[in-house]
Amino acid sequence: MKLSDSINKVRGVGVKKAAAFARLGIQTVYDLLTYYPRAYEDQSRVTPIARLRAGERATVFAVIQQVQERQGRRRGFTILTALLGDGTGYAQAVWFNQRFLKTKLREGRRILLTGKAEYAYKGGGQLALTNITSFELLGAEEDAGEHLGILPVYAATEGLTQKQLRTMMEYALAQTMDEIEENLPQRVREEYRLIGRRRAFQHIHFPKQEEELRTARRRLAFEELYLIQCGLLALKKRTAEEQEGIAHAADGTLVEHVRAALPFTLTADQEQVWGEIRRDMESPLPMRRLVQGDVGSGKTAIALLALVKTVESGHQGAMMAPTEILARQHYDYLRTLLTPLGVRVGFLSGRLTKKERTAMDTALTAHEVDIAVGTHALIQDHVAFAALGLVVTDEQHRFGVAQRAALEKKSAATPDVLVMTATPIPRTMTLTVYGDLDVSRIEHLPPGRQPIRTFLRDETARAKIYAFVRREIESGRQAYVVCPLIEASEEMDLPSAEDVYEELAHGIFRGIPCGLLHGRMKSAEKEAVMTNFYANRVKLLVSTTVIEVGVNVPNASILVVEHAERFGLAQLHQLRGRVGRGSYASYCILIAGRSASSQERLKVIEQTSDGFRLAEEDLRLRGPGQFFGAMQHGLGDLKIADVLADMDLLLLARRAALTTVDDPAALSFVLPTLMRQYRERFEYMREV
């Protein structure tokens, strides 16, 4: 059997089981072996029945004394009980709705069983073992010790039991052990004291003791992090060594004029980041830099200077945003500031007519446009630049890495790349998410930004909250109301954006111009609503999270979030950044369910405006899987490593990868695995 074989080659896997495995994302034997246990059941020790304690899980070795079946209160519901005895005492073993076990559980049979000890009756009575996760019926001469150990517990699905998963995993391991090749250089294994790959696979699934499990998990988590780091660093190194970059000229009068035209002075943070970008752009090596900055920290001003610098050096710039609203906003900002200085700014989106699109394509090819601002339409095949010198992508996590690469290829020489994100990523996580980029951070907000007062309230305060919002609107301000759903759902009993809009527009805000915005509206409809909100013709905007990124209305001073418990902390922080952009006192009001867990989690955002701290907390609460699902767009979820628990391991893996990419022999050893496992994710990488 080969690791690449279909899961159907595993003994016991037929059509139904294959379909169940497919639901788990398991197609091949290798997929099965890398479907790591989510937990483990410690069956390494047998507990005498006399020593069972209520509330604790335990493994007992006993003889079945009696078996009974009775009907539950609900029709068709059965309860099967077996009285167990081991010489120290007696306990009941209880199974619900498992009638098929009755023929197997016979009096006099020896049984090794793991379950939770609970009193049969409230407040006392005989102890019963319930929630039974595994049991083995042993022969008269069979040694129970052979069955003791640490059992893997997998995230299962309908049609696959734990016992079946273990049996199939054991079979697959036995059949492919010789196929499992080492993929870490020997020097790395020795330096970081990592066990061999075959042992790691054996012990991660079937450890005999905790030490075996610990060393197996450490090896496989290190391997996962190390391979990703090798891929990112190899890409970075190849870009620096092989791709012909553009050495931009030193700042000239145009850059100075734009700096003078800015309505503010750059902060110390902005100056530092601009200095790093300037040095990168003047170097002949292609720039690959990420600028992280909280909402309102002034990243767009830095991007503006970089775009002007490339224009002044005789090149064109491109700025790509994830939504039409944000792209149009950037376009308006750049055109207003730069047109008086003779810089030609163009706009490209999927909404342009064929005639407009053709005219824009022609202008870009003829270098009649200096800076093109647009959506992903910029990377369409028909778009070509005369002399692309800089690519700026805003909110990078919303683009796949391949999309970024497609824009970079629109030039003979490799353009410099500047990536901006307001999504606060925990500091050390940038190593994994953006390991192929240099990272700059704008830590502090510019002076004069209004602090946003944040309040957490429950549903009982809705009437008071909206009365306050109405008073603010009557005094000249504007407000957002954000809802988690577009329309009513049978699955979730939550008011939708449409419901809330109807309730507010025809209720407490009667007579006040209200607007509705959500992702299913046509682009023209969305743009009309936003244009009216920008122009202060719409006073209250009810929206979904479509306003999360980049919408800039200085007169909007209040944000109300309905059912805030449905959002992550980092997302709420992004939403909060829609207000506080003008000179007015600003408020963010979170309306959440009254459950203690919801209130506790959301107190963090009420207490801090530090986006990076919130990102750390969000990651801790929601887990890395969801975080990576949202952030990486190209690397996929980690299968065994945990970026929180394994942060030290990540740093070691990063250090090992840095050494590997500088060692041709070590890199060539790693590349086959890297290309096999990550080719789709690093599709812009080629073998070196």
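Which helix does Lys-299 lie in?

Modeller: Lys-299 lies in helix 9, which covers residues 299–312. Before we go further, a word on the ground rules: residues are numbered from 1 along each chain as its sequence is written, and side-chain values use heavy atoms, with hydrogens and water left out. This is a predicted model, so local features need pLDDT of at least 70 and side-chain atom pairs count only at pLDDT 80 or more, while totals for chains, interfaces and linings use all residues. Helices (H or I, at least four residues) and strands (E, at least two) are DSSP runs, numbered from the N terminus.

Back to the lysine. Lys-299 has a relative accessible area of 9%, so it counts as buried; the classes are buried under 20%, exposed over 50% and partly exposed in between, with a 1.4 Å probe and protein chains only. If you leave out residues up to four places away in sequence, Lys-299 touches Val-291, Gln-292, Gly-293 and Asp-294 on one stretch, plus Met-420, Thr-421, Ala-422 and Ile-442. Contact here means heavy atoms within 4.5 Å.

Pairing is counted if DSSP finds at least two bridges between two strands. Strand 9 (residues 316–320) and strand 11 (residues 371–374) have four, in the parallel sense, and Ala-318 stands opposite Ala-372 of strand 11.

Now the charged pairs. A salt bridge is a side-chain nitrogen of Lys or Arg within 4 Å of a carboxyl oxygen of Asp or Glu, and the whole structure has 23 of them. Arg-217 and Asp-646 make one, at 2.8 Å from N to O. That pair links distant parts of the chain, 429 residues apart: Arg-217 is in helix 6 (residues 210–242), and Asp-646 is in the loop between helix 20 (624–631) and helix 21 (647–661). Arg-217 is partly exposed, at 27% relative accessibility, whereas Asp-646 is buried at 8%.

Helix 6 also holds Arg-219 and Glu-223, four residues apart, or about one turn of the helix. Their side chains meet in a salt bridge at 2.9 Å, N to O. Glu-223 is buried at 5% relative accessibility, and Arg-219 is buried at 0%. The two belong to a network of salt bridges that also links Glu-182, Arg-189 and Arg-197.

Another pair is Arg-259 with Glu-271, where the closest N and O atoms are 2.4 Å apart. Arg-259 is partly exposed at 25%, and Glu-271 is partly exposed at 30%.

Helix 1 (residues 15–23) is worth a stop too. Its Lys-17, Ala-18, Ala-20 and Phe-21 are buried. These four cover an arc of only 160° around the axis, which puts them on the same side of helix 1; the arc is that of the directions from the helix axis to the C-beta atoms. On the other side, Val-15, Lys-16 and Arg-23 are exposed. The buried residues of helix 1 pack against helix 2 (29–33) and helix 3 (162–176). Just after helix 1, Gly-25 takes a positive phi of about 80°.

Finally, the whole chain: 22 helices and 20 strands, with buried residues making up 54% of its 688 residues. Among contacts with a separation of 6 or more, 74% join residues 24 or more positions apart.
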